[in-house]
Amino acid sequence: MGDWQYELGVQIVDVCVSTRERNGGLIELGELVRMVGKLRGVESGVITEEDVVQSIKTLQPLGAGYQVIDVGGGKKMVRSVMKELDDDQGVILAEAQAEGGRVVEEILVNRRGWTYERARAAAREYASPRWTLLA
């Protein structure tokens, strides 16, 4: 089982590196599972999210920064860059993913219970070309 986990880990790295240009090093766990399955040429369901999570844990001693992040609402993302995300940034990324890359203050206030001030500050702090945050 150990060799299988390491082999899967190498394929996870391959997918994460090849998609980093368009996702900034953050990929939704389910999408990663689908892409790794496609890379391996296996049917859907053969590789599970838990398999990917366990393989990512085997990569941690290498210090490459791979980590599974819970962004709330039952969504998990895999970070493949050496940058820590705080809780607000994780929430913004989850909402941006749900909204096609755009987040407005009202979404953060209504769905997450944030104050307008917190939403405005977070949108300004985390605005980047990859995530369009509308204030």
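**Reading the model**

Analyst: The protein has 6 helices and 5 strands, where helices (H or I, at least four residues) and strands (E, at least two) are DSSP runs numbered from the N terminus. Starting at the N terminus, the order of elements is α-β-α-α-β-β-α-β-α-α-β. This is a predicted model, in which local features need pLDDT of at least 70, side-chain atom pairs count only at pLDDT 80 or more, and totals for chains, interfaces and linings use all residues. Residues are numbered from 1 along each chain as its sequence is written, and side-chain values use heavy atoms, with hydrogens and water left out.

User: Where in the protein is confidence lowest, and where is it highest?

Analyst: pLDDT is the predictor's confidence in each residue, from 0 to 100. Where pLDDT is low, the predicted coordinates should not be read in detail. Here the mean pLDDT is 79, and 85% of the residues reach 70 or more. Confidence is lowest in strand β5 (residues 132-134), with a mean of 40, and highest in α2, at 92. Over residues 128-135 pLDDT stays under 50, and the model has 21 contacts beyond four places in sequence for this stretch; contact means heavy atoms within 4.5 Å.

User: How should I read a pair of helices, and at what angle do α2 and α3 cross?

Analyst: Axes are lines fitted to C-alpha atoms, for helices over the stretch in contact, and angles run from 0 to 180 degrees between N-to-C directions. Angles under 35 degrees count as roughly parallel, over 145 as roughly antiparallel, 65 to 115 as roughly perpendicular and the rest as oblique. The axes of α2 (residues 29-40) and α3 (residues 49-59) come within 9 Å and cross at roughly 90°, which makes α2 roughly perpendicular to α3. In this contact, Leu29, Gly30, Leu32 and Val33 of α2 meet Glu49, Val52, Val53 and Ile56 of α3. These residues divide into 6 nonpolar, 1 polar and 1 charged; Ala, Val, Leu, Ile, Met, Phe, Trp, Tyr, Cys and Pro count as nonpolar, Asp, Glu, Lys and Arg as charged, and the others, Gly among them, as polar.

User: Which residues of α4 and α5 meet?

Analyst: Val91, Ile92, Ala94 and Glu95 in α4 meet Ile107, Leu108, Arg111 and Arg112 in α5. By class, this contact has 5 nonpolar, no polar and 3 charged residues.

User: Which residues of the largest nonpolar core touch the most other members?

Analyst: In soluble globular proteins, nonpolar side chains tend to be buried together. A nonpolar core is a set of buried Ala, Val, Leu, Ile, Met, Phe, Trp, Tyr and Cys residues joined through side-chain atoms within 4.5 Å. In the largest core, of 16 residues, Ile12, Cys16, Leu32, Val36, Val52, Ile56 and Val78 touch the most other members. Two or more residues come from each of α1 (2-23), α2 and α3. A second, separate core of 9 residues includes Val91, Ala96, Val103 and Ala122.

User: Is Ser55 buried or exposed?

Analyst: Buried means under 20% relative accessible area, exposed over 50%, partly exposed in between (1.4 Å probe, protein chains only). Ser55, in helix α3, is buried, with a relative accessible area of 0%. Beyond its neighbours within four places in sequence, Ser55 is in contact with Gln5, Leu8, Gly9 and Ile12. By contrast, Trp4 in helix α1 is partly exposed, at 27%. Not counting residues up to four places away in sequence, Trp4 touches Arg40 and Asp51.
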